[in-house]
Amino acid sequence: MALALAENVVSNSIALDIEGVTHRYDLDGRDLQVLDNVSIVIEPGEFVALLGPSGCGKSTLLRLAAGLETPTTGRVLEDGRPIIAPDPDRILVFQDATLFPWRTVRDNVAIGLEARGLIRELEYRIDEVLKLVKLEGFADVYPHQLSGGMAQRAALARALVNDPKLLLLDEPFGKLDSLTRLRMQNELLELWKSAGFTALLVTHDVEEALLLADRVIVLSDRPASIVAEVRVDRPHPRRRDDAGLVALRRALLEKLGISHDV
Amino acid sequence: MSATIEDTFGGTGRRSLALPVTGLWRNGLLAAGTWLLASAVTYGLPDVITWGATELFAIVTLAGAILFVALSLTVHRLGSVGRTLVHYGPWFIVLGLWLAVWEVLTAKLGWLPKPFFSPPQGLLHVYVTDWERLLICVAYTGRLWGLGFFSGILVGFAGGVALGWSKRFAYWGMPLLKLIGPVPASAWIPCTFFLFPTTFHASIFLVALASGIPVAILTAAGVGQVNRSFYDVARTLGASNRFLIFKVAIPASLPNVFVGVFMGLYYSFAVLVVAEMLGAKFGLGWYLQFNTAYSAYANVYAALIIMALICAGLVRLLFVVRDRLLGWQKGIL
Ligand SMILES: Nc1ncnc2c1ncn2[C@@H]1O[C@H](COP(=O)(O)OP(=O)(O)OP(=O)(O)O)[C@@H](O)[C@H]1O
Ligand SMILES: [Mg+2]
């Protein structure tokens, strides 16, 4: 099924360069610095996970990569070109599902295809991705009839249907129970392997980062700067009790300021 | 313990279910009683002031009473219509009482005197004798209202979307709208005479203005209040400005738009009388003024009741349209 999504493989991933990005918000007249000289180079097809304390600027970084905002200083580049506006090649799955309440789940998933005028040719994909996130039985219900986790999965489907080259994920599994979470992590991994997109995942869950990503980046408290970067070169499927991963986990937790052994 | 709870719940459940299915419709019988009372009072007591159609009114209320007797036996077989009737049972009872009291105070005691008040048979008399003219008036008013209301809400909606969407539009438009909004319709009459080729066009303009302004204001507010994240989501998914307006801003603000349309509906009815001052030959508003001038208040009341019923019917229709379009809100509100 995941294969079907990747059938027209041209160049299905992009490189993302975040070069010396500092970002400030104007918070009711108060200057709030959120990012402090952050540089990350992500290769095409790479899977990078971002860890960091709440409110440090992880979502902001994803908004910059999506082109929803431009950095105060520094540059964000896709394949060497500056990102100045949103583009359906780079899709952001927001922290809140933000489904349109006046559209059914199916019509929510269809938004991207509709907006780009591809709905006629690619309508079959909607059912594919709904099956992928296990929502095929809920295609015709309205968002308020979904649970929080189901809404998150619908939002994921809404992104995946567009076959993005860069997938920006903002804690997409935050509201899922641990079992569904595991399954969705595996689905995402399969999809990433077969479709080949570049992935940047924000998460609070160290284990999730280690199970999925090629590289884990730890951000400091606000204003966020990079405090650690770990390469995870274990083959998939990874086991959470893998000795190497356990050691990495301990190291990462320490970087996040949780020093006692948990 | 649990048995008693089950008893209580099961008991009330059974009782409330059982009543409408098997028994008589008690409120129906009571309504028949009050309507019969109205009929008896009308027929039995002498009129101190004479009006036409006294006997006819007695017959009509008697027919109503008979109908309620019949319904109280059969209502449980009428399905959803029956349930609606049962729901309004207390209203039917009070309506009968109201007719009886009205009858006594006007025609039988004369406490509410002739030119200003009319007994129910006075209105009935108007309907019986003047129905042709009333029908023509309804048609004329319908044409004026339809053209005015629909052009008004269309322009108001489009203007409201523009005001809510575009900063530049809002900069120039909002102050104007706030200035124009509170001006009473009659104040526009002098310039409408100058601006429009015929008085009919001027009347349409007044109705359109009354219905368009609340739609414009509420649509603009609705579009302005749309959650920014909806735009962000749509933009990352490749939406153009056009998509953002038509597929995000408008559907998201539709609940507000409907509030505006409801207000516009009421205002448009209120302004009909003024609009038909402008040299109309027919129309309910014209009918009201004409008969007020001749102190024919029974005719005025008769026309007012027709207007109120039409307005209530249109409100009802608008609710149906709204529930169609905003079905997604059902579980939220
Ligand atoms: N539009 C905005 N205007 C002003 N300040 C903002 C805006 N968006 C975010 N911020 C501020 O930027 C900081 C970082 O926000 P951000 O959403 O990026 O945090 P985060 O790392 O994603 O946190 P969490 O893990 O809790 O989601 C916060 O202090 C927040 O108050
Ligand atoms: Mg966040």
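Two salt bridges are counted between chain B and chain A in this predicted model. The interface brings 18 residues of chain B into contact with 25 residues of chain A. About 1,900 Å² is buried between chain B and chain A, and carbon and sulfur atoms give 74% of that area.

**Interface and salt bridges**

- B:T236, B:L237 and B:W328 supply 37% of the area that chain B buries against chain A, which is more than any other three residues.
- One salt bridge pairs A:E114 with B:K247, with the closest N and O atoms 3.3 Å apart.
- Over all chains, the whole structure holds 26 salt bridges.
- Within chain A, the side chains of A:R75 and A:E19 form a salt bridge with an N to O distance of 3.3 Å.
- A:R75 belongs to strand β4 (residues 73–78) of chain A and A:E19 to strand β1 (residues 16–27) of chain A, so this pair ties together parts that are 56 residues apart in sequence.

**Helix α6 of chain B and its partners**

- Helix α6 (residues 120–165) of chain B and helix α7 (residues 167–180) of chain B have axes that come within 6 Å and cross at roughly 120°.
- Because of that angle, α6(B) is oblique to α7(B).
- The crossing of α6(B) past α7(B) is left-handed.
- On the α6(B) side, the contact is made by B:A162, B:L163 and B:W165, while α7(B) contributes B:K167, B:F169, B:A170, B:G173, B:M174 and B:L177.
- Classed by type, the contact of α6(B) with α7(B) has seven nonpolar residues, one polar residue and one charged residue.
- The axes of α6(B) and helix α11 (residues 241–275) of chain B come within 8 Å, crossing at roughly 145°.
- α6(B) passes α11(B) in a right-handed crossing.
- In the contact of α6(B) with α11(B), 16 residues are nonpolar, four are polar and none is charged.

**Helices α2 and α5 of chain B**

- The axes of helix α2 (residues 26–44) of chain B and helix α5 (residues 89–108) of chain B come within 7 Å and cross at roughly 10°.
- α2(B) and α5(B) are therefore roughly parallel to each other, since angles under 35 degrees count as such.
- Residues of α2(B) in this contact include B:L30, B:W35, B:L37 and B:V41, and those of α5(B) include B:F92, B:I93, B:L95 and B:L99.
- The contact of α2(B) with α5(B) comprises 14 nonpolar, five polar and two charged residues.

**Backbone features of chain A**

- Most residues other than glycine have a negative phi, and most peptide bonds are trans.
- The peptide bond from A:R222 to A:P223 is cis, with omega near -10°.
- A:P223 is placed in the loop between β9 (215–219) and β10 (226–231) of chain A.
- A:H236 and A:P237 are likewise joined by a cis peptide bond, for which omega is about -5°.
- A:P237 is found in the loop between β10 and α10 (243–255) of chain A.
- A:T98, a residue other than glycine, has a positive phi, near 45°.
- The place of A:T98 is in the loop between β6 (90–93) and α3 (105–109) of chain A.

Notes
Residues are numbered from 1 along each chain as its sequence is written. Chains are lettered from A and ligands numbered from 1 in the order in which they are written. This is a predicted model: local features need pLDDT of at least 70, side-chain atom pairs count only at pLDDT 80 or more; totals for chains, interfaces and linings use all residues. Side-chain values use heavy atoms; hydrogens and water are left out. Axes are lines fitted to C-alpha atoms, for helices over the stretch in contact, and angles run from 0 to 180 degrees between N-to-C directions. Helices (H or I, at least four residues) and strands (E, at least two) are DSSP runs, numbered from the N terminus. Angles under 35 degrees count as roughly parallel, over 145 as roughly antiparallel, 65 to 115 as roughly perpendicular and the rest as oblique. A crossing is left-handed if the near helix is turned anticlockwise from the far one by less than a right angle, and right-handed if clockwise. Contact means heavy atoms within 4.5 Å. Ala, Val, Leu, Ile, Met, Phe, Trp, Tyr, Cys and Pro count as nonpolar, Asp, Glu, Lys and Arg as charged, and the others, Gly among them, as polar. Buried area is the accessible area (1.4 Å probe) that two parts lose on being put together, summed over both. A salt bridge is a side-chain nitrogen of Lys or Arg within 4 Å of a carboxyl oxygen of Asp or Glu.
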